[in-house]
Amino acid sequence: VIVASYLAFLYFTGIVGLLVGFVAFMASQAPTIIASARQTATVIFLHGLGDTGHGWCDLFAQIKSDHIKYICPTAPTQPVTINMGMRMPSWFDIYGLTPNVKEDEAGIQKSARQIRDMINAEISNGIPSHRIVLGGFSQGGALAIYTALTHDKKLGGIVALSSFLPLHEQFPKACGPNKDSPIFQGHGDADPVVPYRWGVLSGEHLKLFASKYEFKTYKGLQHGSCQEEMKDVKAFIDRVLPNDGKL
């Protein structure tokens, strides 16, 4: 089992300076795997709380496809309430780990705007939105789901691992065109951090309006990933972003 630590105190030292230009800086510094053949697609994958993009970039290097560029940005460092206000890479503040706890709506929306800017940067570089997959693990998966579902351009797909649907009461009203995009959600049934039942409940809500949704359980998996799950992620990505030479 390849465990992505939820509370690893790793800091991304490249993030300094002014908020102005932050998105461009984050994109330029994000661990990235450049396509080894002609690039026709992009995967943007968001790490969990307290982590960085480097570990996930290493994992995608093991399952990469030649026509796809993989971007694994690192979140800004900020205090996190659930961790006694300690500063760590975090996409938004977290107050608790239950479905009905208070949520940092402003922080979620702020990070969603930054990720949308990254998506738009790929579009400006010639990759159509429907050839972009947005995904993430844990907190990053929650942000990926929210960002994709509220985005105004059709994406190629959504991946959420060991994660949940944030601000769930806003859906399906807040949905854009990506309620019809393929969604893959994976979760370990032994997860002690984001409880498996929370993932299941999120999936049940998503199935009410998402037309191409799939959920897979990984028996005995705690809060991390494993070879079986990464093989499934690769299969999903290769299916929604086929190497057919088309943009």
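Guide: Let's start with the largest nonpolar core, which has 42 residues. Within this core, the residues with the most contacts are I44, L46, I115, L134, L143 and L149. Please keep in mind that you are looking at a predicted model.

Helix 4 gives the largest share, with seven residues.

Now find L149 on your display. Setting aside residues up to four places away in sequence, L149 touches I158, L165, F171, A174, C175, G176, N178, K179, I183, L206 and F209. Apart from the core we began with lies another one, of 26 residues, with F60, Y70, C226 and V240 among them.

Next, look at how two of the helices meet. Two packed helices are described by the angle between their axes and the distance between the axes. For helix 3 and helix 4, the axes come within 9 Å and cross at roughly 70°. Helix 3 is therefore roughly perpendicular to helix 4, and the crossing of the two is right-handed. On the helix 3 side, the contact is made by I108, Q109, S111, A112, I115 and R116. Helix 4 brings L143, Y146, T147 and T150 to this contact. Sorted by kind, the residues where helix 3 meets helix 4 are five nonpolar, four polar and one charged.

For one more stop, go to I33, which sits in strand 1 (residues 32-33). I33 has a relative accessible area of 12%, so it counts as buried, the limit being under 20%. Leaving out neighbours within four places in sequence, I33 is in contact with C57, F60, A61, K64, I68, K69 and Y70. F60 and Y70 are also among the residues of the 26-residue core. The chain brings I33 and D58 to a C-alpha separation of 9.0 Å, although they are 25 residues apart along the sequence.

Finally, step back to the whole protein. There are six helices and nine strands in it, and of its 247 residues, 54% count as buried. Among contacts in the protein with a separation of 6 or more, 74% are between residues 24 or more positions apart.

How values were computed
Residues numbered from 1 in each chain as written. Predicted model: local features only at pLDDT ≥ 70, side-chain atom pairs only at ≥ 80, totals over all residues. Heavy atoms only, no water. Core = buried A, V, L, I, M, F, W, Y, C linked by side-chain atoms within 4.5 Å. Buried < 20%, exposed > 50% of the residue type's maximum accessible area, 1.4 Å probe, protein only. Helix = DSSP H or I, 4+ residues; strand = E, 2+ residues; numbered from the N terminus. Contact = heavy atoms within 4.5 Å. Axes fitted to C-alpha atoms, helices over the stretch in contact; angles between N-to-C directions. Parallel < 35°, antiparallel > 145°, perpendicular 65-115°, else oblique. Left-handed = near helix turned anticlockwise from the far one by under 90°. Nonpolar A, V, L, I, M, F, W, Y, C, P; charged D, E, K, R; others polar.
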